[in-house]
Amino acid sequence: MTTKKRIEITDEEKKFFLEDELQVKIRPSSIADINHIMEIEKASFQEDAYSEKQFEEMYKENPDWFFVAEISSQIVGYVAGLSSNGIGEFDSIAVEPSYRNLGIGRKLSKHMIKQFFEKGINEYALEVRKSNVSAIYLYQTIGFEIDKEIKNYYDKEDAFLMRKR
């Protein structure tokens, strides 16, 4: 297996790439992407990151609901979901820290919703840490609303169940 070399670019170059939406490409993930996804996962969720085995199982069980975001063929984010009882559920989403606040998480979220919608799914749900204010804001800007609080969802931290109908 060949590992792609990471490309380092400046913030100004990132903005240039992102000005044209075609530069951020969302594509279906493959099992070969798991190594890059794991790098983003570990950088994003230090305490409760999914393991490589969990991602492999997630991919094998729901390959139609697993996407990556790329800039210049470099994976900079991912989203994984599943469908349960007619509800599209976001299982995990993350963007590489140096690429955050550039609209990539929004683009991944909207792409996932579009994929669910095209399969006839019109209700969506996710859980998010109460302390993750930026993620809550992102989800609210694309139509999610806080449905309820879940105590100790993330070990000792509470979460919000958010829904979009």
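This briefing covers the sheet, the helices packed around it, and the salt bridges. The model is predicted, so local features need pLDDT of at least 70 and side-chain atom pairs count only at pLDDT 80 or more, while totals for chains, interfaces and linings use all residues. Residues are numbered from 1 along each chain as its sequence is written, and side-chain values use heavy atoms, leaving out hydrogens and water. Helices (H or I, at least four residues) and strands (E, at least two) are DSSP runs, numbered from the N terminus.

**Sheet**

- Seven strands make an open sheet with mixed pairing, in the order β1-β2-β3-β4-β5-β7-β6; two strands pair if DSSP finds at least two bridges between them.
- The edges are β1 (24-28) and β6 (145-154); each has a single partner strand, so one side of each has no neighbour in the sheet.
- On average, neighbouring strands are turned by 25 degrees against each other, direction ignored.

- β6 and β7 (residues 157-164) run antiparallel and are joined by six bridges.
- Glutamate 149 has phenylalanine 160 in β7 as its bridge partner, and tyrosine 154 has glutamate 157.
- Two residues lie between the strands of this hairpin, where aspartate 155 takes a positive phi near 55 degrees.

**Helices on the sheet**

- Helix α3 packs on the sheet and touches β2 (66-71), β3 (74-84) and β4 (87-95), contact meaning heavy atoms within 4.5 Å.
- The direction of α3 makes about 110 degrees with that of β2; angles run from 0 to 180 degrees between N-to-C directions, with axes fitted to C-alpha atoms, for helices over the stretch in contact.
- Helix α4 (residues 104-118) lies across β1, β2, β3, β4, β5 (123-129) and β7, at about 155 degrees to β4.

**Helix α2 against helix α3**

- α2 (residues 34-44) and α3 (residues 52-61) pack at about 125 degrees, with their axes 10 Å apart.
- That angle makes α2 oblique to α3 (under 35 degrees is roughly parallel, over 145 roughly antiparallel, 65 to 115 roughly perpendicular, the rest oblique).
- Ile34, Asn35, Ile37, Met38 and Glu41 of α2 meet Glu52, Phe55 and Glu56 of α3.

**Salt bridges**

- The count comes to 12 salt bridges, each a side-chain nitrogen of Lys or Arg within 4 Å of a carboxyl oxygen of Asp or Glu.
- One of them pairs arginine 129 with aspartate 48, the closest N and O atoms being 2.6 Å apart.
- This pair links distant parts of the chain, 81 residues apart: arginine 129 is in strand β5 and aspartate 48 in the loop between α2 and α3.
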